Structures are given as C-alpha cells and as structure tokens.
Amino acid sequence: MTTKTRRKLLLINPAIQLRKGFLNKGVERVMPVALGLVAALTPPHWEVELLDESFEPFTFRPADLVAFTSFTPNAPRAYEIAAVYRQSGIHTVMGGSHASTCPEEAGQYVDTVVTGEAEGAWPAFIADFEAGQAKRLYEGGLADIKDIPHVQREIFKYPYSYDLVQTSRGCPMGCDFCTVTQLCGGTYRERDVEDVLDELEQTTRPLLFFIDDNLVNHKKGAEERAIRLFKGMVQRGIKKYWFSQAALNFADNDEVLYWARRSGCVIILIGIEAETIQALKDTRKNLNLKRGVDSYEKTFRKIHKHGIGILAAMIFGMESDKKEDLLARRDFIKNSSIDCCQSTILTPLPGTVLYKRMKARNQIVLQNYPSDWQHYHCMIATSDTASMDHREIENTMNDIWISLYNKDAMRRKMFRTLWNTRSLMTAYWAYSYNHSYGRMFLEGVFDTYPEGVDRKFEWKTRKRSFYLKFSDYILWLFYQTSWKRFADQFTGK
Ligand code: B12
Ligand code: SF4
C-alpha cells in the first residue's frame with residue numbers, strides 16, 4: 001500500500017483593495033462558498049487552509065499549491081498575490097467567474113487556469129499536479145448537478161454571518177448585463193431537495209443565504225419543489241432566518257409564500273432593474289417586460305402580506321437613461337413599497353452581451369486591464385452610454401445615493417416596512433441592508449460632499465430631527481431585546 005505525502009493547499013479569497021466597503025463587516029459577512037466546494041473535491045491527504053482577505057490582509061504563508069477564486073473586481077488582487085507565490089516557485093491556480101470569462105488574461109498571471117465549474121476539472125488537475133504534470137488550462141464546463149458535493153464548511157474559520165447554500169445552478173434568461181447564463185448554463189439544474197435538506201442540517205449559523213439566482217425558477221414543477229424544500233425545513237426542525245434571490249413570479253403562489261415565511265424567509269431579492277419599459281428593453285429584462293411594470297406593486301403587496309420584505313436590485317445608466325430618468329428611478333424607489341435597495345450602475349462585466357456591445361461602440365472608458373477590473377463592482381461608472389457621459393452618470397448617482405441612504409430616508413423606509421409586513425425582524429433586517437448598501441455606495445462620497453452625510457448617514461449641515469431621536473430609541477430597544485442575540489452569534493460571543 002502506498003501512502004501519499006501530506007501536502008498543503010492554500011485557498012485564497014482575494015479582496016478589492018480600493019473599496020473598503022466590500023470588506024466583511026456588519027451583517028453581510030458571507031463565505032466564499034466556491035472554495036468550500038474546491039476543498040470538498042480535494043483528496044483527504046491534502047491539508048486545506050482558507051485565507052479570506054475580506055477578514056485578514058494577505059501575509060505570506062507557505063503552501064505546496066495556492067488556489068484563488070475570482071469575481072472580476074477582485075481579479076487584480078489575485079494576480080498581485082499570485083506573483084508573490086510564483087516568485088517563490090509555488091504553483092498558483094485560479095478559477096471562478098473572472099477566470100472563466102478571461103482565461104487568456106488570467107493565464108498570464110497564474111500557472112493554471114480553471115474555467116467553468118470546479119467539479120469537472122479540479123480532481124483531474126490535482127491528479128496531474130501530484131504527478132508533476134499540471135497543465136496550463138482545465139475546462140470544467142457544466143457539472144452534472146448530481147455530482148456536486150456538499151460544501152466543506154470546516155474551512156470557514158472566520159466569523160461569517162450567513163451559511164451559504166446553493167439549491168440550483170443556471171438561468172436561461174440571458175439578461176444582457178448578467179454573466180449567469182454564459183457561466184452557469186442556460187437551463188436550471190436543480191439539486192435533489194432531500195440532499196439540500198441534508199446539507200442544511202450540516203449548517204450551524206442562524207442566518208442563511210440561498211445563493212440561487214432564482215430560488216423559485218420558471219421550470220415546470222419549480223413551485224412544488226420550493227414548497228417541498230421549505231416544508232422540509234420546517235419538518236426537519238431546521239430553524240433559520242433566510243434570504244435569497246428570486247423573480248416577480250415568487251409571488252404567484254400563496255402556498256410558496258406561506259411556506260417560505262414558515263421556514264424563515266425574511267427578505268427576498270428581486271431583480272426589478274427598472275420601472276420603465278424602455279429601460280427594461282435596453283437590458284433585455286424580458287421577465288419583467290412580460291409581467292409589465294404595473295404589476296410591481298401588486299407583487300410587493302402579496303409578498304408583504306406574508307411578512308417578507310423586498311430587496312430590489314435596481315440598475316441605473318441604461319442606454320436610454322437620461323439624467324431625468326435616473327432621478328425618476330430614484331423617486332420610484334422612494335415612493336414604492338420596496339423595503340431596501342441595491343442601486344448599482346450598469347457595468348459591462350466581461351463575457352456579457354453588454355460588454356460586447358459597449359466595446360463595439362467604443363463606450364467603455366475604464367479599460368486599462370487588468371488593473372481597471374477593480375473598478376467593475378457596479379458602484380462607479382466604467383462607461384459612457386448612448387445618452388450620458390460616465391462622469392454625469394457618476395455625479396448624478398452620488399446625489400441619488402445620498403438621497404436614498406441618508407438616515408432619515410432609511411428610517412422612513414424601515415417604518416413603512418414595519419407597517420407593510422407587520423414584522424419587526426423584517427423591518428430591522430431591511431434597514432440593516434440599506435445601511436450596508438449605503439456604506440458601500442457612499443464610500444467615495446462621505447468625505448467629499450460638504451452638504452452630504454457623514455459616516456453615520458446623518459446630514460452634515462442639517463439639524464437632527466425629533467423623528468430620528470425617537471426612532472433611535474425604538475431601534476436600541478429592538479437591538480437589545482432581539483437582534484443582539486444574533487449579532488453575538490455572528491461574532492462568536
Ligand atoms: C452569492 C453571490 C454574491 C455574494 C458573494 C458570495 C461569495 N462570497 O462568494 C455577494 C452578495 C456578496 C456578491 C457580491 C457581488 N457580486 Co455576486 N454573485 C453571487 C452569485 C449569485 C452566486 C455566486 C456563488 O457563490 N455561486 C456558487 C458557487 C459554487 O459557484 P461559483 O462561484 O460560480 O463557483 C464555481 C465555479 O466558478 C468554479 N470556481 C469558483 N472559484 C474557483 C476557484 C478554483 C480554484 C476553481 C478550480 C474553481 C472555482 O467552481 C465553482 C463550483 O462549480 C453569482 C451569480 C452566479 N450564479 O454565479 C453572482 C456573481 C458572482 N456576482 C457578481 C458581481 C458582479 C458581484 C458584485 C461585484 C456586485 C455588487 N456590486 O454587489 C459584488 C462583488 C463582491 C466582491 N466582494 O467582490 C457577478 C460576477 C461577474 C464577474 N465577472 O465576476 C455574478 C456572476 C453575477 C452576475 N450578475 O453576473 N455576490
Ligand atoms: S439577471 Fe437574473 S434572470 Fe437575468 S440572466 Fe441573470 S440570473 Fe437570469
């Protein structure tokens with residue numbers, strides 16, 4: 001019998017250095033679940049360690065093999081760290097959405113690039129590496145959903161707030177700003193519900209994020225599957241407060257909503273993107289076009305009725321958007337019953353239809369790659385559009401973000417959520433999401449707008465209202481009696 005030499009694999013989740021708002025803070029500390037899958041696919045004679053730069057800055061630690069995951073804005077940081085290891089003769093490998101969409105570029109900075117899903121490539125790569133025959137490129141393609149292992153969660157030693165679980169992969173919708181159809185395939189690949197429930201039983205945190213792109217997808221039987229999943233959680237006593245991503249059809253079936261709430265759903269992210277037909281057409285958001293912008297409020301009401309809050313993903317700077325359209329979108333957010341909001345700037349991520357179009361029209365301004373990829377986090381304007389210059393988009397957005405994420409506005413939303421959902425938990429959670437987004441969007445604005453808000457989201461030049469003082473008290477009470485319990489669990493107290 002041969003015993004294999006014990007080797008060390010260092011997994012690195014690189015973090016953007018320019019935007020500190022992306023570092024893990026507060027309630028949104030999420031684990032790089034892809035690296036948990038890579039760990040699960042690694043043979044047991046390897047020792048596996050995770051370095052998550054959003055918790056601790058990189059310092060050199062010895063390893064036999066160093067592997068990176070990569071969202072586009074983090075890729076330049078991965079290249080920087082990889083250079084350190086390559087200088088020491090240590091083999092580096094990179095996978096993830098950036099490596100999959102820009103393999104040639106990645107190949108200049110790491111020794112091996114893995115495109116597609118790890119399940120189809122990592123075992124072969126490890127075998128070749130052990131034999132001293134690692135290749136430059138492995139194409140993982142799309143895995144058979146039955147072959148996806150449970151995430152190896154022991155590597156997540158940091159105080160993450162959420163456990164992340166994925167129940168399906170893929171999306172056929174092909175919205176032109178999104179990479180999911182290209183990266184994860186054009187069909188919904190659904191994991192077996194019982195297997196998902198088994199994995200959920202292995203999770204330990206009270207908060208859960210189902211990272212599916214559409215938890216109740218558009219495949220036949222999707223609603224029934226969702227009910228089975230949510231009911232299964234209740235029946236197995238899996239007690240979580242959870243959040244996920246879905247589309248407007250999430251509200252179609254009351255039984256889905258009922259069991260979603262019973263199993264702990266607090267907030268659902270919905271890709272609303274825009275409130276006008278033209279803007280939806282610009283981005284090929286056919287799902288919403290089909291339903292019509294008039295259906296939004298009715299959908300929100302149905303979801304609220306079950307105590308669930310709405311996190312709307314909104315995009316600003318579509319091809320046809322002029323300044324007045326951006327302001328109208330802001331007003332829509334403020335006046336609608338959306339509870340919290342992710343208000344990003346349209347960004348041509350590599351591999352998207354949008355990227356190809358903008359490139360062909362010479363609209364992309366920030367294209368000194370790879371360095372400029374660190375700006376592709378959807379919070380600054382990387383491109384001009386047919387209707388606006390990137391500087392005008394950015395200046396308008398700074399005003400809009402101040403208007404959406406100042407403390408008065410966020411508190412107003414919070415009380416409206418409380419009224420609509422009758423749930424303190426949902427209201428507080430939605431408020432905390434607005435806070436987190438505010439922190440990220442306003443990072444470049446806090447110190448530069450004399451009339452704006454400070455780091456506590458309070459107006460710099462306006463007097464503090466009675467309303468704020470009163471709501472401070474209510475929030476303090478809620479924090480002490482309820483939320484603190486969770487916060488203590490996140491921080492390991
Ligand atoms: C969950 C999620 C998040 C979480 C992060 C979770 C985390 N820590 O990993 C949150 C909400 C924080 C987030 C934030 C952002 N996100 Co996001 N997010 C997703 C989502 C929905 C799922 C990602 C996921 O974990 N999937 C499950 C894992 C298992 O799949 P995976 O990551 O693709 O990994 C597989 C392969 O890529 C490969 N792989 C991955 N890493 C590695 C490493 C090695 C060594 C190997 C061999 C293989 C490998 O194997 C894995 C298993 O098959 C995707 C959409 C999607 N369906 O991919 C968008 C997505 C990844 N996000 C995207 C973007 C743009 C962002 C933001 C920039 C947007 C924003 N402004 O908020 C930020 C950036 C955050 C940051 N710090 O940089 C884009 C990225 C596009 C790109 N070119 O990089 C995606 C693809 C969505 C889209 N619209 O196109 N996101
Ligand atoms: S935005 Fe949502 S619906 Fe559109 S392609 Fe991406 S995942 Fe699918």
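**Note on the predicted model**

1. Proline 370 sits in the loop that runs between helix H14 (353-360) and helix H15 (390-405). Helices (H or I, at least four residues) and strands (E, at least two) are DSSP runs numbered from the N terminus. The peptide bond joining tyrosine 369 to proline 370 is cis, with omega at about 5°.

2. On conventions: the model is predicted, so local features need pLDDT of at least 70 and side-chain atom pairs count only at pLDDT 80 or more, while totals for chains, interfaces and linings use all residues. Residues are numbered from 1 along each chain as its sequence is written, chains are lettered from A and ligands are numbered from 1 in the order in which they are written.

3. The loop between H14 and H15 also holds asparagine 362, which is not a glycine and yet has a positive phi of about 60°. Is asparagine 362 buried or exposed? It is exposed, because 10 other C-beta atoms lie within 10 Å. The cut-offs, with C-beta atoms placed from the backbone, are 20 or more others within 10 Å for buried, 12 or fewer for exposed, and partly exposed in between.

4. Cysteine 378 is found in the loop between H14 and H15 as well. Its phi is near 75°, again a positive value in a residue other than glycine. Cysteine 378 counts as buried because it has 22 C-beta neighbours inside 10 Å.

5. Ligand 1 is surrounded by 41 residues, and the closest are Ala34, Thr69, Gly95, Glu117 and Ala118. A residue belongs to such a shell if its C-beta atom, placed from the backbone, lies within 6 Å of the molecule. Three helices each supply at least two residues of this shell: H1 (33-40), H3 (97-101) and H6 (180-184).

6. What is the class make-up of the shell around ligand 1? There are 25 nonpolar, 13 polar and 3 charged residues. Here Ala, Val, Leu, Ile, Met, Phe, Trp, Tyr, Cys and Pro are nonpolar, Asp, Glu, Lys and Arg are charged, and the others, Gly among them, are polar.

7. Ligand 1 lies between domain 1 (7-145) and domain 2 (149-465), because both give residues to its shell. The domain bounds come from an automatic or database domain assignment.

8. The residues around ligand 2 are Cys171, Met173, Gly174, Cys175, Cys178, Val180, Thr181, Asp213, Gly271 and Leu287. By class, this shell has 6 nonpolar, 3 polar and 1 charged residues.

9. Strand S5 (residues 112-115) is buried on both sides: Thr112 and Val114 point one way, Val113 and Thr115 the other. Strand S4 (residues 91-94) runs parallel to S5 and is joined to it by 2 bridges; pairing requires at least two bridges found by DSSP. Methionine 94 has valine 113 of S5 as its bridge partner.

10. S5 also runs parallel to strand S6 (residues 137-139), with 3 bridges between them. Leucine 137 in S6 stands opposite valine 113. From S5 the chain passes through helix H5 (residues 122-130) to S6, a β-α-β crossover that is left-handed. A right-handed crossover is one whose path from the first strand over the helix to the second runs clockwise with the strands pointing away from the viewer.

11. Strand S7 (residues 162-165) is likewise covered on both faces, with Tyr162 and Leu164 buried on one side and Asp163 and Val165 buried on the other. It pairs with strand S10 (residues 207-210) in the parallel sense over 4 bridges, and leucine 207 in S10 is the bridge partner of tyrosine 162.

12. Helix H16 (residues 407-421) has 15 residues and spans 21 Å from first C-alpha to last, close to the expected 21 Å. That expectation is 1.5 Å times one less than the number of residues. Buried in H16 are Lys407, Met410, Arg411, Lys413, Met414, Thr417, Leu418, Asn420 and Thr421. Arginine 422 follows H16 and has a positive phi, near 55°.

13. Two C-alpha distances close the note. Alanine 83, in helix H2 (residues 75-87), counts as exposed with 12 C-beta neighbours inside 10 Å. Alanine 83 and arginine 236 are 153 residues apart in sequence and 48 Å apart in space, C-alpha to C-alpha. Phenylalanine 446, in the loop between helix H17 (424-441) and helix H18 (466-490), is partly exposed, with 17 other C-beta atoms within 10 Å. Phenylalanine 446 and lysine 456 are separated by 10 residues in sequence and by 9.4 Å from C-alpha to C-alpha.
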